[in-house]
Amino acid sequence: MKALISIHDVMPETLPRVSSLVGELQSCGHRAITLLVVPGRCWGTRGIHQLAAWQDAGIELAAHGWRHEAAEARTPFHRLHAALISRRAAEHLELDPDNIAALMQAAHDWFVDRDLAPPRSYVPPAWALGRIDSGRLKRLPYHRIEVTRGFLDTASGTLQRLPLIGFEADTAVRAGFLRCWNRVQLERAYCTGLPLRIGIHPDDPWLRLAPDLRGVLRLDWRSTCYGQWGCVTGREEAS
């Protein structure tokens, strides 16, 4: 079985935990990893050098929002989303289409300005893309956008649906919901043969579903970066 393994919320303040996760994944034989970098935080030279070292080692860097912080939720949908899923992470949901596009472009440019390879994958915080149309997405410098349901190809506007599991459970309610969700998604991956997306957050090894996470990582997955999956589906990845 193929797995697309990502570590979310890569920020200066999470780098020690991210480094630990990278080491744990590699010790389990998972070399193809995608790190979701939040560019709008207070990055220093040391953090940038670490990102460059990971990139040089073959780890993919993707853009993950700008600051990973949303303004206070104003719409009913955003309030519900925040209560059930994202809390204050879904920064796209209070923005209009032009501001979403500007945020996504700024995230891309941040990598280029720091001599990092430009990201071809973009993951909105909490997988919440917000109100942006396919025309604007097509003009942005990304090949794919990851949302809850799968990967959105920016050139064609098509959605490749892929199962997704996660482990960010800091309450009993969240743990119960995610256990049920993960069970269904794992079954879907086994039945369809589709790659399973495994989304890991920096605190997951210390939260309620840590045993579930380590159990999944010990399974016989063949890990694949987001960019490699793009090649598999016929989209040529630019260097």
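In this predicted model, a right-handed β-α-β unit is made by strand S2, helix H2 and strand S3. Helix H2 covers residues 45-56. Strand S2 spans residues 33-37, and its pairing with S3 is parallel, over 4 bridges.

Strand S3 runs over residues 60-63. Its side chains point in two directions. Glu-60 and Ala-62 face one way, while Leu-61 and Ala-63 face the other. All four of these residues are buried.

Glu-60 deserves a separate description. This residue is buried but has no salt bridge. The nearest side chain of opposite charge belongs to Arg-144, at 4.3 Å. A polar atom of the Glu-60 side chain does lie 2.9 Å from the backbone nitrogen of Gly-227. Beyond four places along the chain, Glu-60 touches Ile-33, Thr-34 and Leu-35, among others. Its contacts also include Ser-121, Arg-144, Cys-225, Tyr-226 and Gly-227.

His-108 is found in helix H4, which covers residues 97-113. The relative accessible area of His-108 is 9%. Buried means under 20%, so His-108 is classed as buried. Leaving aside residues up to four places away in sequence, His-108 touches Pro-118, Pro-119, Pro-141 and Tyr-142.

Key. Residues are numbered from 1 along each chain as its sequence is written. This is a predicted model: local features need pLDDT of at least 70, side-chain atom pairs count only at pLDDT 80 or more; totals for chains, interfaces and linings use all residues. Side-chain values use heavy atoms; hydrogens and water are left out. Helices (H or I, at least four residues) and strands (E, at least two) are DSSP runs, numbered from the N terminus. Buried means under 20% relative accessible area, exposed over 50%, partly exposed in between (1.4 Å probe, protein chains only). Lys and Arg count as positive and Asp and Glu as negative; His and the chain ends are not counted. A salt bridge is a side-chain nitrogen of Lys or Arg within 4 Å of a carboxyl oxygen of Asp or Glu. A polar contact is a pair of N or O atoms within 3.5 Å; within protein, one must be able to donate a hydrogen and the other to accept it, and residues adjacent in sequence count only if both atoms are side-chain atoms. Contact means heavy atoms within 4.5 Å. Two strands pair if DSSP finds at least two bridges between them. A crossover is right-handed if, with the strands pointing away from the viewer, the path from the first strand over the helix to the second runs clockwise.
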